[in-house]
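Take a first walk through this structure. The text below goes from the overall fold to single residues, and then to a pocket.

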Amino acid sequence: MENNIDFIENYPAYQPKEGEEYMSPQMLEHFKGKLLAWKTQLIEEANSTVSHLKKDSDTPADPNDRASQEEEFALELRTRDRERKLIAKIDKSLRDIESGEYGYCKMSGEEIGLGRMEARPTADLTVEMKRKQEIREKQGVA
């Protein structure tokens with residue numbers, strides 16, 4: 001699967017045409033494909049975890065092995081929980097594409113920018129607004 005375009009790490013960056021407007025239909029189609037590929041990858045990894053947990057669920061007799069197995073399972077489950085939240089963000093981004101809000105900051109309304117959207121396709125704040133949000137959260141204001 002590693003050489004498959006459905007693997008998000010191999011998804012090519014969008015190359016805008018000269019004079020192409022921000023979040024043109026072609027650009028939106030690119031991000032829709034990228035988000036769907038990412039979601040598919042996360043779902044496949046989650047399914048793989050479930051089958052791994054089922055297959056390796058026999059409890060080892062040795063207490064050290066048992067502790068290692070429990071820690072491994074706990075780590076996998078925490079990772080999958082983070083990915084479940086990420087899938088929700090991907091779904092929100094897909095809805096934003098449909099509504100025409102994708103690629104624009106939810107606080108300022110400004111363009112987030114193609115570079116940031118390529119790096120973080122679920123971004124909904126500009127770098128500046130994200131920084132301000134993080135400062136407010138640290139101050140306990142958020």
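How many helices and how many strands does the protein chain have? The chain has four helices and zero strands. Read from the N terminus, its elements run α-α-α-α. Keep in mind that this is a predicted model. The chain holds 142 residues, and 32% of them are buried. Now look at contacts between residues at least 6 apart in sequence. Of these, 52% join residues at least 24 apart.

Start with α2, which covers residues 63-99. Several residues of α2 are buried. Among them are Phe-73, Leu-86, Ile-87, Ile-90, Leu-94 and Ile-97. Glu-76, Glu-83 and Asp-96 also belong to the buried residues of α2, as do Gln-69 and Ser-93. Just after α2 comes Gly-100, with a positive phi of about 85 degrees.

Next, turn to helix α1, residues 25-55. Lys-34 sits in this helix. Is Lys-34 buried or exposed? Its relative accessibility is 6%, so Lys-34 counts as buried, the cut-off being under 20%. Which residues does Lys-34 touch, leaving aside neighbours within four places in sequence? They are Ile-8, Tyr-11, Glu-118 and Pro-121.

Now for the aromatic rings. A pair of such rings is described by the distance of the centres and the angle of the planes. How many aromatic pairs are there? The count comes to two. One of the pairs joins Tyr-22 and Tyr-104. Their centres are 5.4 Å apart, with 90 degrees between the planes, and the pair is edge-to-face. This pair links distant parts of the chain. Tyr-22 lies in the segment before α1, and Tyr-104 lies in the loop between α2 and α3. They are 82 residues apart. Tyr-22 is buried, with a relative accessible area of 12%. Tyr-104, at 30% relative accessibility, counts as partly exposed.

Phe-31 and Tyr-102 also pair. Their ring centres are 5.5 Å apart and their planes stand at 50 degrees, so this pair is tilted. It too links distant parts of the chain: Phe-31 is in helix α1, while Tyr-102 is in the loop between α2 and α3, 71 residues away. Are these two residues buried or exposed? Phe-31 has 0% relative accessibility, so it counts as buried. Tyr-102 has 2%, so it counts as buried as well.

Finally, look for open space. Rolling a probe the size of a water molecule over the atoms shows where empty space is left. The largest pocket holds about 270 Å³ of space. It is lined by 14 residues. Which of them lie nearest its centre? They are Lys-89, Thr-122, Ala-123, Asp-124 and Lys-130. Both α2 and α4 (127-138) supply at least two residues of the lining. The largest share, four residues, comes from α2. By class, the lining has eight charged residues, three polar and three nonpolar.

Notes
Residues are numbered from 1 along each chain as its sequence is written. This is a predicted model: local features need pLDDT of at least 70, side-chain atom pairs count only at pLDDT 80 or more; totals for chains, interfaces and linings use all residues. Side-chain values use heavy atoms; hydrogens and water are left out. On a 1 Å grid over the protein atoms alone, a cavity is a set of points where a 1.4 Å probe fits but cannot get out, and a pocket is an open set with protein on both sides within 12 Å along at least five of seven lines; lining residues have an atom within 4 Å of a point. Grid points are joined across faces, edges and corners, and a volume is the space filled by probe spheres set on the points. Ala, Val, Leu, Ile, Met, Phe, Trp, Tyr, Cys and Pro count as nonpolar, Asp, Glu, Lys and Arg as charged, and the others, Gly among them, as polar. Buried means under 20% relative accessible area, exposed over 50%, partly exposed in between (1.4 Å probe, protein chains only). Contact means heavy atoms within 4.5 Å. Rings of Phe, Tyr and Trp (its six-membered ring) pair if their centres lie within 6.5 Å; planes under 30 degrees apart count as stacked, over 60 as edge-to-face and the rest as tilted.
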